[in-house]
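Q: I have a chain open on screen and want to get to know it. Can we go through it together?

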Amino acid sequence: MNMGYVPRILAFSGSARTGSFNGKLVRIAVRGAEEAGAEVDLVDLRDYPMPLYDGDLEEREGIPENAVRFKALMTACQGLLIAAPEYNSSITPLLKNTIDWASRPAPGEKMLAAFLNKTAALMSASPGSLGGLRGLVHVRSILSNIRVLVLPDQVAVPGAFGAFADDGRLKDEKRQAAVEGLGRKLAETLVKLHGNV
């Protein structure tokens, strides 16, 4: 790792539910990123409640304070670790709304400023047999279309009700290693992309 450059990563789950499987999953990836030398801000979207995106509201009141706070965190990082639950084969309303508000430019700011030059790694956990894979397709498409480089590597954990041990680790050691590896890969990729700038 380039000792002069420390990658900064923002990590979060697209679910704010207490005991969320995806909240547990992103913590595992954070461990891998930190072990690779990254500085990680792990946030809970419950701490940044935002109204449903509404162009009239934005015009009348501006960007909500919590959206501004979240966007500042996103702007300050180079990488995103996102655990994205699947709702009805797609992205959760919480995650989509967060992305929508973060995409709104402040006066005089470039379009999509918070997403420019960002690299993301995606993962999901689901009670179903596909582990949330169908939802990841949509998250990947959205992020790619707003200028985020999304790593081809991703991990989906099926059977989430029985997948986690009491300490938050995955019972399947290969999956545990794969999720930690995802965090590590993001950190290493950021060093390659930004370390010599």
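This is a predicted model: local features need pLDDT of at least 70, side-chain atom pairs count only at pLDDT 80 or more; totals for chains, interfaces and linings use all residues.

Q: How many helices and strands does the chain have?
A: There are 6 helices and 5 strands. Both are DSSP runs numbered from the N terminus: helices are H or I with at least four residues, strands are E with at least two. In sequence order the pattern is β-α-β-α-α-β-α-β-α-β-α.

Q: And how compact is the chain?
A: Its radius of gyration is 16 Å, close to the 16 Å that the globule rule gives for 197 residues, so the chain is as compact as a globular protein of that length. The radius is taken over C-alpha atoms, and the rule is 2.2 Å times the number of residues to the power 0.38.

Q: How much of the chain is buried?
A: Buried residues make up 50% of the 197. Buried means under 20% relative accessible area, exposed means over 50%, and partly exposed is in between, with a 1.4 Å probe and protein chains only.

Q: Which residues does D41 touch?
A: Leaving out residues up to four places away in sequence, D41 touches R8, I9, L10, A11 and L73. A contact means heavy atoms within 4.5 Å.

Q: What about R8 in particular?
A: R8 and D41 are 33 residues apart in sequence, and their C-alpha atoms are 7.8 Å apart. Their side chains make a polar contact of 3.2 Å. That term means a pair of N or O atoms within 3.5 Å; within protein, one must be able to donate a hydrogen and the other to accept it, and residues adjacent in sequence count only if both atoms are side-chain atoms.

Q: Now E86: buried or exposed?
A: E86 counts as buried, at 17% relative accessibility.

Q: What does the side chain of E86 pair with?
A: One partner is the side chain of R134, through a polar contact of 2.9 Å. A polar atom of the E86 side chain also lies 3.3 Å from the backbone nitrogen of G135.

Key:
Residues are numbered from 1 along each chain as its sequence is written. Side-chain values use heavy atoms; hydrogens and water are left out.
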